[in-house]
Amino acid sequence: MIKESYNITEEDELVKACLNGDKNAFGEIVNRYQKMVARTVKGMLGDSVFAEDIGQEVFINLYHSLSEFRGEAKLSTYIQKIAVNLTLNEIKRRKRFFSMFSQKANNEMHEFEIADHNSEESREASEIVNKALLAMDPKFRIILTMRMLQGYSTKETAEILDLPIGTVLSRLSRAQEQLRNILVKL
Amino acid sequence: MDASEIKKLIISSLNADTNTVEVSRKLEEEGISYNFSHNFGDKVLNKLFSAGLTINREVEFVKYMNFAFYRIALTGVAAIIVLLISIFLMQGSLSLNSFLGLSDSYDESIVCLLTGN
């Protein structure tokens, strides 16, 4: 369905084309940003069956809210904000739902499949990263995901999470403390 | 990169002055990458534009309900087994009277209770 290559390269032109009903233009946006969304969603939720559903929801929400995109920020930032909000909502929803059952059930929902990596070493690296992420408090996990997986600066992290830079800096040090404690046990 | 180096790298990503782009690049080189399925884009477009649109949340709700039902059913079976064992230990049998909490012998207090005399 999605064209292999699309001739529009500029973000704002792609957005305009989408708003004019060009489905292929939206397909191009999905192609360009799906990896970025995967890093956020799977980093936060683990590589569970639900992560891909949330990823799809991110782009569906984007499509429906594209008319509100004013182009003041980068499109990637706009998509990232949607991904972060949906992921955090999903975590809250899971917490509410599974708190009715047992902690074991909650843990089962967090189980992830390790991607098929080539070497034992890279599998071990993935396990460390995924286990560390999932063991962290969600408000610190999102900071780690933005920094470690997305490579965002403090300023960019603050912009995406709609937080003051001071708050992000304070969370960075608290997250680092929690991360150290988690990694000692791994 | 061994496990301790990976751990150091992860921890360093939370230093305010770290070059996080470099951290994420190194991690990707180590095989830590996240992708959706190969036909992810088509799935999104199908959901958006196909006539028989299935709302994602409904599917998810069914998944959750199945999971919840499984948990509830298991808990229920466990409770029934515990109840049967406790009845057997207390009454010495699993007869209907045992279930109803009545002993086999005639108990006139029940008659009194039912008739009021």
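## Confidence in the model

The model as a whole scores ipTM 0.76 and pTM 0.69. Chain A has an average pLDDT of 83, with 82% of its residues at 70 or above. For chain B the mean is 82, and 86% of the residues reach 70 or more.

One stretch of chain A calls for some care. Over residues 108–117 of chain A, pLDDT stays under 50. The model does give this stretch 21 contacts beyond four places in sequence. Where pLDDT is low, though, the predicted coordinates should not be read in detail.

## The two chains at a glance

Chain A is built from 9 helices and 0 strands, so its elements read α-α-α-α-α-α-α-α-α from the N terminus on. Of its 186 residues, 35% are buried. Among the contacts in chain A with a separation of 6 or more, 61% join residues 24 or more positions apart.

Chain B has 6 helices and 0 strands, following the pattern α-α-α-α-α-α along the sequence. Here 15% of the 117 residues count as buried.

## Where the chains meet

On the chain A side, 49 residues are in contact with 34 residues of chain B. Five helices of chain A each supply at least two residues to the side that touches chain B: α2 (23–45), α3 (49–65), α6 (120–135), α7 (138–149) and α9 (165–185). The largest share comes from α2(A), with 10 residues. Sorted by class, this side of chain A has 24 nonpolar, 15 polar and 10 charged residues.

Ala38(A) is buried, because 23 other C-beta atoms lie within 10 Å and the cut-off for a buried residue is 20 or more. Not counting residues up to four places away in sequence, Ala38(A) touches Tyr34(B), Asn35(B) and Phe36(B), as well as Gly55(A) in its own chain. Ala38(A) and Glu52(A) are 14 residues apart in sequence, with their C-alpha atoms 7.8 Å apart in space.

## The nonpolar core

In soluble globular proteins, nonpolar side chains tend to be buried together. The largest nonpolar core in this model has 55 residues. The residues with the most contacts inside this core are Val41(A), Val58(A), Val129(A), Ile143(A), Leu144(A) and Ala175(A). Helix α2(A) gives the most to the core, with 9 residues. At least three residues come from each of domain 1 (7–113) and domain 2 (119–186) of chain A.

Leaving aside neighbours within four places in sequence, Ile143(A) is in contact with Thr157(A), Val168(A), Arg171(A), Leu172(A) and Ala175(A).

## Helix α3 of chain A

## Two exposed loop residues

Gly71(A) sits in the loop between α3 and α4 (75–98) of chain A. Gly71(A) is exposed, because 11 other C-beta atoms lie within 10 Å and the cut-off for an exposed residue is 12 or fewer. Gly71(A) and Glu11(A) are 60 residues apart along the chain, and 9.0 Å separates their C-alpha atoms.

Asp162(A) lies in the loop between α8 (154–161) and α9 of chain A. With 10 C-beta neighbours inside 10 Å, Asp162(A) also counts as exposed. Its backbone is worth a look too: phi of Asp162(A) is near 55 degrees, a positive value in a residue other than glycine.

Technical notes:
Residues are numbered from 1 along each chain as its sequence is written. Chains are lettered from A and ligands numbered from 1 in the order in which they are written. This is a predicted model: local features need pLDDT of at least 70, side-chain atom pairs count only at pLDDT 80 or more; totals for chains, interfaces and linings use all residues. Helices (H or I, at least four residues) and strands (E, at least two) are DSSP runs, numbered from the N terminus. Two residues are in contact if their C-beta atoms, placed from the backbone, lie within 7 Å. Ala, Val, Leu, Ile, Met, Phe, Trp, Tyr, Cys and Pro count as nonpolar, Asp, Glu, Lys and Arg as charged, and the others, Gly among them, as polar. pLDDT is the predictor's confidence in each residue, from 0 to 100. A nonpolar core is a set of buried Ala, Val, Leu, Ile, Met, Phe, Trp, Tyr and Cys residues joined through C-beta atoms within 7 Å. Domain bounds come from an automatic or database domain assignment.
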